[in-house]
Amino acid sequence: LHDTLPILLFQFFFLTIRRPPRSTLFPYTTLFRSQNQYAGISFSVTVRGVDAYWNLKENAAASAGLTSDYGGDYISPVSKDLSEGLAVFDVTLVKANTTSYLTADDNDAIPLTQYSHSGIKCVPGIPSSLMVLLPGETQTPAENPGKTGTPTSQTAGVEFTFTVHSVDSNYNTTPTTAAVITGSSDSNAVLPSTKTLVAGTT
């Protein structure tokens, strides 16, 4: 498979958590905007300690932890102390066509209020291989080996259909085009002609 998708430059995400002033019991909230991220390609998330007016507090003390609502996503490190008010995490989303929600927690003795953002849309990554789905098999993106089920038995001389997907390294279908040529270990098999993927599928 030679077709590829362009790689875009990614902007930093600024995820803010804060300790409210001691005079109030109500947590503060904040909003931030995110752009789509490619499955399998890491980007940075910055957790910031701020004051009541969203100014960076370089002396903010916290042991920040970052988690995703999808267990298969990769976050490194899992926890990190703020340094000069900041903690930077590397995040890799793996399941395309979903929205992942990241949550920042403070794990120290005087915790900051938990903060969750409004979601990051994950889109398919770079095409890496072709996946064949036979009757009886179902695609399972972001789960190794990318499909489940047992192929159903076929009768000699009776035609059946199968599906070919272009997938990224996490088995997400990639919306690309490529000419697909099929082959078989059965020298007498009647095979389809060359097919062109439409939105990554034929």
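Two strands pair if DSSP finds at least two bridges between them, where strands are DSSP runs (E, at least two residues) numbered from the N terminus. The model is predicted: local features need pLDDT of at least 70, side-chain atom pairs count only at pLDDT 80 or more, and totals for chains, interfaces and linings use all residues. Residues are numbered from 1 along each chain as its sequence is written, and side-chain values use heavy atoms, with hydrogens and water left out.

**View 1. An open sheet of 3 strands has the order S2-S11-S8.** The pairing in this sheet is mixed. S2 and S8 stand at the edges with a single partner strand each, so one side of each lacks a neighbour in the sheet.

**View 2. Strands S2 and S11 run parallel.** Tyr 38 has Val 123 of S11 as its bridge partner.

**View 3. Strands S8 and S11 pair in the antiparallel sense.** Thr 99 has Lys 121 in S11 as its bridge partner, while Ser 100 stands opposite Ile 120.

**View 4. Ser 100 lies in strand S8 and is buried.** Its relative accessible area is 2%, buried meaning under 20% (1.4 Å probe, protein chains only). Contacts of Ser 100 (heavy atoms within 4.5 Å), not counting residues up to four places away in sequence, include Ser 68, Asp 69, Leu 93, His 117 and Gly 119. Asp 73 is also touched by Ser 100.

How values were computed. Helices (H or I, at least four residues) and strands (E, at least two) are DSSP runs, numbered from the N terminus. Buried means under 20% relative accessible area, exposed over 50%, partly exposed in between (1.4 Å probe, protein chains only).
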